[in-house]
Amino acid sequence: MSLSIPSFDSKEKKNLLFIGAGVLALGVGYFAYRKFTSGGSDKKNLSSSSSNNLNSSGTKVSQADQDQRLSQFDEIKGKAGKAFSEQDYLRAYELYTECIELVPENYLMYTNRSLTLVKLERFDEALADTDKALQISTTSPRIYERRGLVLIKLNRFSEAVWAFEECIRLDPKRGEEQSFRTYYEQAKKGLREQNLKRLAKEEEEQKQQAAAEQAANAALQQAASAALQHAANAAAQQAANAAQQAANNVVPTTQQEQ
């Protein structure tokens with residue numbers, strides 16, 4: 001069996017060339033699309049890692065400068081931890097602040113400075129540092145633990161309990177540690193006592209309101225009774241006056257016969 005090869009005129013050959021070129025272009029386009037989409041995450045990571053080499057003004061920092069900055073950060077962080085362990089909390093606060101200025105995206109420095117501020121009894125500032133840490137990460141159990149501790153100091157026990165429970169949700173094993181359990185139980189105890197005080201206050205306010213209402217009712221009854229008595233006295237007096245006037249208008253009989 002022999003195969004016959006069809007013959008094409010010049011016009012048909014030109015059409016076939018156009019079709020072939022179109023198919024090739026589609027193939028190249030599809031390949032490029034697949035290459036682009038599959039490499040998207042790498043491009044994103046590359047962009048992200050490049051952005052980490054930028055300073056606060058947006059200027060690109062060399063790798064050597066970045067390494068020097070991180071080395072300086074580690075050195076100051078070590079000094080801060082040493083100052084904290086020596087209970088030199090003001091110095092620890094200053095050093096942790098330097099760490100934050102060097103690496104502002106490190107949320108752990110905010111939690112460490114927050115604990116230092118607790119030791120300095122600057123509780124509002126300590127809470128603000130946990131807010132800043134949460135702006136960087138919402139999945140760190142340590143942030144919620146430190147936040148719960150600060151909220152205890154501020155007597156905001158309901159929020160403290162929630163923070164500790166969020167910490168347990170993110171790290172269930174953390175809830176088994178004794179130091180954590182101590183603060184967690186303290187927050188729950190504070191919340192119970194706060195609720196009891198609130199209920200006692202509400203009950204006392206209700207008693208005072210009931211006593212005030214009772215006194216007001218008694219005063220109204222007394223006023224009503226006095227008003228009735230006054231009306232009765234006025235009516236009696238009016239009746240007496242009318243009787244006296246009637247008596248004065250009566251002419252004696254003997255005087256009429258004359």
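Visitor: By class, which residues make up the lining of the largest pocket?

Guide: This is a predicted model, and its largest pocket has a volume of about 270 Å³. The lining is made up of 13 residues, and Leu115, Glu145, Arg146, Leu149 and Tyr183 are those that lie nearest the centre of the pocket. Sorted by class, this lining holds no polar residues, six nonpolar residues and seven charged residues.

Visitor: Which element gives the most to the lining of the largest pocket?

Guide: The lining of the largest pocket comprises 13 residues. Two elements give two or more residues to that lining, namely α5 (107-119) and α7 (141-153). The element that gives the most, with six residues, is α7.

Visitor: How many helices and how many strands does the protein chain have?

Guide: Read along the sequence, the protein chain follows the pattern α-α-α-α-α-α-α-α-α-α. The count for the protein chain is therefore 10 helices and zero strands, with helices taken as runs of at least four residues.

Visitor: What percentage of the residues of the protein chain count as buried?

Guide: A residue counts as buried when its relative accessible area is under 20%. The protein chain exposes about 18800 Å², of which carbon and sulfur atoms supply 54%. Of its 258 residues, the part that counts as buried is 23%.

Visitor: Which element gives the most to the largest nonpolar core?

Guide: The largest nonpolar core has 33 residues, and those that touch the most other members are Phe73, Met109, Ile152, Ala160, Phe164 and Ala187. At least two residues of this core come from each of α3 (63-85), α4 (89-102), α5, α6 (123-136), α7, α8 and α9 (178-249). With seven residues, the element that gives the most to this core is α4.

Visitor: Which residues does Phe164 touch, not counting residues up to four places away in sequence?

Guide: Phe164 is one of the residues of the largest nonpolar core that touch the most other members. A contact here requires heavy atoms within 4.5 Å. Once residues up to four places away in sequence are left out, the residues that Phe164 touches are Glu145, Gly148, Leu149, Ile152, Phe180, Tyr183, Tyr184 and Ala187.

Visitor: Is Ala163 buried or exposed?

Guide: Ala163 is found in helix α8, which spans residues 157-170, and, leaving aside residues up to four places away in sequence, Ala163 touches Tyr144 and Gly148. The C-alpha atoms of Ala163 and Leu151 are separated by 8.8 Å, although these residues are 12 residues apart along the chain. Because the relative accessibility of Ala163 is 1%, and the cut-off for burial is under 20%, Ala163 counts as buried.

Visitor: Where does Gln87 lie, and is Gln87 buried or exposed?

Guide: Phi of Gln87 is near 65°, which is a positive value in a residue other than glycine. Gln87 lies in the loop between α3 and α4. Because its relative accessible area is 58%, and the cut-off for exposure is over 50%, Gln87 is exposed.

Visitor: What is the relative accessibility of Glu121?

Guide: Glu121 has its place in the loop between α5 and α6, and its phi is near 60°, a positive value in a residue other than glycine. Glu121 counts as exposed, for which the cut-off is over 50%, and its relative accessibility is 61%.

Terms used: Residues numbered from 1 in each chain as written. Predicted model: local features only at pLDDT ≥ 70, side-chain atom pairs only at ≥ 80, totals over all residues. Heavy atoms only, no water. 1 Å grid on protein atoms, 1.4 Å probe; cavity = no way out; pocket = protein on both sides within 12 Å on 5 of 7 lines; lining within 4 Å. Points joined across faces, edges and corners; volume = space filled by probe spheres on them. Nonpolar A, V, L, I, M, F, W, Y, C, P; charged D, E, K, R; others polar. Buried < 20%, exposed > 50% of the residue type's maximum accessible area, 1.4 Å probe, protein only. Areas by Shrake-Rupley, 256 points an atom, 1.4 Å probe, with all protein chains shown as cover. Core = buried A, V, L, I, M, F, W, Y, C linked by side-chain atoms within 4.5 Å.
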